[in-house]
Amino acid sequence: METITIVAPGTQTTIQDLAGRQGLWDVGVPPSGAADELSFALVNAAVGNPDSAAGLECVLTGPVLTSDEDRLVCVGGAATRAMIGGRPLRPGRVVRLPAGVVLDVGQLDGPGMRGYLAIEGGLDVPRVLGSRSTFILGGFGGQDGRPLAAGDLLPLGRRENLLSPTPVELPALSDSWQVRVIPGPHGAPDHLTDEGVEAFFGTSWLVDHRSDRTGVRLVGPSPDWARTDGGEAGLHPSNVHDSAYPVGGIMLSGDTPVIVGKDGPSLGGFVVPAVVIEADRWMLGQLRPGDSVELVPVTMEAAAEAIRARRAWFADLRQEPVVVGAGVSGSERPKDLHQGGAGTTSPAYTIRCAGERHLLVEAGPAELDLTVRVWIHLLAQALRHDRPAGVAEIVEGVRSLLVAVDSSRLGLVELAERLVFLAAGLADPATVVLPAREVTLPIAFDHPETHEAMRRYATSVRPDAPWCPDNVEFIRRVNDLGRRDEVFEIIQAATYLVVGLGDVYLGAPVAVPVDPRHRLVTTKYNPARTWTPQNAVGIGGIYLCVYGMEGPGGYQLVGRTVPVWRISRTDEQPWLLRQFDLIRFTPVSAEQLAHERTEIAAGRADLRVSPATFSIADIHRIEQEAPVDIATLRAKRRAAFEAERARWGA
């Protein structure tokens, strides 16, 4: 077997392919794949590879490598100093790398952030969950889920290309970018003021040094909010009930815009005022800390024309027939494609565009209503059973449904019409009994790793945050509890209903107490943490989350539990929880938790599960048993919530 040998790995060099992982956004698996998909596709085409071939992506410094046999190669992106055998290699030019000769991709000094290397035949590493792409945070794909290291041997694919190698013209890179976006799905007057929207698009943003493949953070003025808080979703006006993000969606994480990247989270609780158009998404991979970015709003028609031109360019390059996309029509200009009124068994709902590749259905008022959550689930199931060709992802949120399409195969108007038809035929969510499981998870309250996350945040991000230095004390205060341990006692007494998967990645559940008396209210970090320990347990708004892996996050941390995700080389489903599972927590020591974590991660143990069901009748029964207690607690917690906000203002 012919191989590439890594002599020196460069900075975070990973194996990526073009499409990445598809169809798993609903359980928190990001697509990954090349961050600058345009440059990657061009250098792959240059050496005659099919779209599915894997190559190398690097940051700041490229790898040094040799090959066992002669292969054609091409570099692109920010790799402008590459050398073969000591001679310069121009980006976009196809040359032969002789066996044993050294290829040094070199320094990536800018403009641009990432360089790419395509090798004839591609890299033949195993596919994991459908892709060869590396997801470093998840620890899978590519070369054992990690950046390349010196001495790595990468198997080369077979040279059976049907395409002719050809030099390519690569996109120009810069330190000043104009990125086209589609406004919405969130904006004025519900979330931002009209002046706030104008300022958002009128600002020249700077790229923050903490940007990476999960998301590009932008530095600039604070948004002009149209509301004071997010209600049950959280104390900050950026907070919404958990809803899915599109890749390229610009979420406002507190007051900080973050553009969701190829390794970004699929589900979260922040407003999305704009989405980067498909044709400009490649730029996100080349944004370098300190670069300036203007967000330029464009129409749906302009976005559709831009991606049609891109497809025509590639069809001409590959000498293939031009693929005409389904695109959009003039009727898709309005923000809302459909508004459905409340019926006897259905909530009012709105269907709107989230960029030109996604539809977002939002149902009911902006508050938690589990009847609405069941209705969203029924609509998602109906679409899964009657799925049009071209539907790429179906992601359930608390009161929302995000549907992604392949825009070359399916138009958004056609999809909206299908959703309206399906919505009209749904069963009454109040009468549906859903199959579920009761899952018992051990939890180590006050786990040392959660306090380490709090310490890092206070040291490096925001020492004056009201939740510093102790998240649990903050939760106690904003819920008007007498003792700190009452926070833990309420969590232990509660039964949590899983209302979303993939909140902060990899099968991580977002869950809400079935009994309203157990619904602690808090807010998310602003800005978010840059590090959270794997399987930390946190509360944001009225929701509880178990973090699927290490990474950023904003929930107030209370403890740690066992893995909710287990990747393996088999076909075993890696996510361990399901929609509408019922979760109970049992306190254990940090030492006992460490043992159970090791056993589950190794596959020697599993979650403790028993059969159950869930229905809205279960909720109504609790509400009818204790209406006064529920109303009193809600009023008490809201008053404490308001008092905390007043302290912030003071």
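A residue is called buried when its relative accessible area is under 20%, exposed when that area is over 50%, and partly exposed in between, as computed with a 1.4 Å probe on protein chains only. The model examined here is predicted, with local features requiring pLDDT of at least 70 and side-chain atom pairs counted only at pLDDT 80 or more, while totals for chains, interfaces and linings use all residues. Residues are numbered from 1 along each chain as its sequence is written, and side-chain values use heavy atoms, with hydrogens and water left out.

The structure contains 17 aromatic pairs, a pair being rings of Phe, Tyr or Trp (its six-membered ring) whose centres lie within 6.5 Å, described as stacked if the planes are under 30 degrees apart, edge-to-face if over 60, and tilted for the rest. F445 and F488, by contrast, are stacked, at 4.5 Å between centres and 25 degrees between planes. Because F445 belongs to strand β26 (residues 433–445) and F488 to helix α8 (residues 485–493), this pair ties together parts that are 43 residues apart in sequence; helices (H or I, at least four residues) and strands (E, at least two) are DSSP runs numbered from the N terminus. F445 is buried at a relative accessible area of 18%, and F488 is buried at 9%.

Ring pairs also join F135, F140, Y505, W565 and W575 into a cluster.
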